[in-house]
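Look at the sequence and the structure before reading on.

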Amino acid sequence: ARFLLDHPRTLADASAARTELNRVLVDAIAAAPYTTALAEAHADLARMALNDGHAAAALSELSAAETALSRVKSVYDVRIADDLLLQKSEVLTALRRLPEARAAAALALQSAQRHDSAQSPRVSRASAQLAKLAGSVAS
C-alpha cells in the first residue's frame with residue numbers, strides 16, 4: 001500500500017493503496033499491541049486525505065494513528081512518533097491552526113534531534129517545517 005501511495009502511476013494506484021490500507025486496518029486490529037501497522041496505516045490514510053484536500057479527515061486519521069501507536073506494547077522504531085508529530089504540524093497548517101502547527105513542528109524537531117543524526121532527512125524536514133511556520137501570522 002505504501003509503495004502505491006509513494007509511487008502512483010494512475011488514479012487506480014491511489015484507489016488500490018486506499019483499499020490495501022483499509023485491509024491493513026482490519027487485519028492489524030488483532031495484532032495491534034504487537035505492531036505499528038495500525039498506526040502507520042492510519043498515518044498513510046491521513047496523508048492521502050491531506051493530499052485530497054480533506055484536512056479535517058486527515059486530522060482524524062492522525063488522531064487514530066497516535067492512539068494506535070500509544071497502544072503498542074512491543075519494541076518499535078520511536079521515530080514513527082516523530083513522523084506523526086511532523087505530519088500533524090502539516091495538517092494543522094492546512095487547517096490554519098498555526099500556533100498548534102508551530103508547537104507540533106517544534107516538538108517534532110526536538111524529538112527528531114534526540115532520535116536521529118543532525119543530517120537526517122527527518123531533522124531537515126522538521127526544521128524546514130518550523131522555519132516555514134516561524135514567519136506565519138498567528139490565527
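## How two helices run

In this predicted model, helix 5 and helix 7 are roughly parallel to each other, because an angle under 35 degrees counts as roughly parallel. Their axes cross at roughly 25° and come within 11 Å. Helix 5 covers residues 79-94, and helix 7 covers residues 121-134. The crossing of the two is left-handed.

Two packed helices are described by the angle between their axes and the distance between the axes.

## Where the helices meet

Which residues in helix 5 meet residues in helix 7? On the helix 5 side they are Arg79, Asp82, Asp83, Leu86, Ser89, Glu90 and Thr93. On the helix 7 side they are Arg122, Arg125, Ala126, Gln129 and Leu133.

Sorted by kind, the residues of this contact divide into six charged, three polar and three nonpolar.

## The whole protein

The protein has seven helices and zero strands. Along the sequence, the pattern reads α-α-α-α-α-α-α. The radius of gyration is 15 Å, close to the 14 Å that the globule rule gives for 139 residues, so the protein is as compact as a globular protein of that length.

The C-alpha trace spans about 40 × 35 × 25 Å along its principal axes. Of the 139 residues, 37% count as buried. Among contacts between residues at least 6 apart in sequence, 58% join residues at least 24 apart.

Conventions. Residues are numbered from 1 along each chain as its sequence is written. This is a predicted model: local features need pLDDT of at least 70, side-chain atom pairs count only at pLDDT 80 or more; totals for chains, interfaces and linings use all residues. Side-chain values use heavy atoms; hydrogens and water are left out. Axes are lines fitted to C-alpha atoms, for helices over the stretch in contact, and angles run from 0 to 180 degrees between N-to-C directions. Helices (H or I, at least four residues) and strands (E, at least two) are DSSP runs, numbered from the N terminus. Angles under 35 degrees count as roughly parallel, over 145 as roughly antiparallel, 65 to 115 as roughly perpendicular and the rest as oblique. A crossing is left-handed if the near helix is turned anticlockwise from the far one by less than a right angle, and right-handed if clockwise. Contact means heavy atoms within 4.5 Å. Ala, Val, Leu, Ile, Met, Phe, Trp, Tyr, Cys and Pro count as nonpolar, Asp, Glu, Lys and Arg as charged, and the others, Gly among them, as polar. The radius of gyration is taken over C-alpha atoms; the globule rule is 2.2 Å times the number of residues to the power 0.38. Buried means under 20% relative accessible area, exposed over 50%, partly exposed in between (1.4 Å probe, protein chains only).
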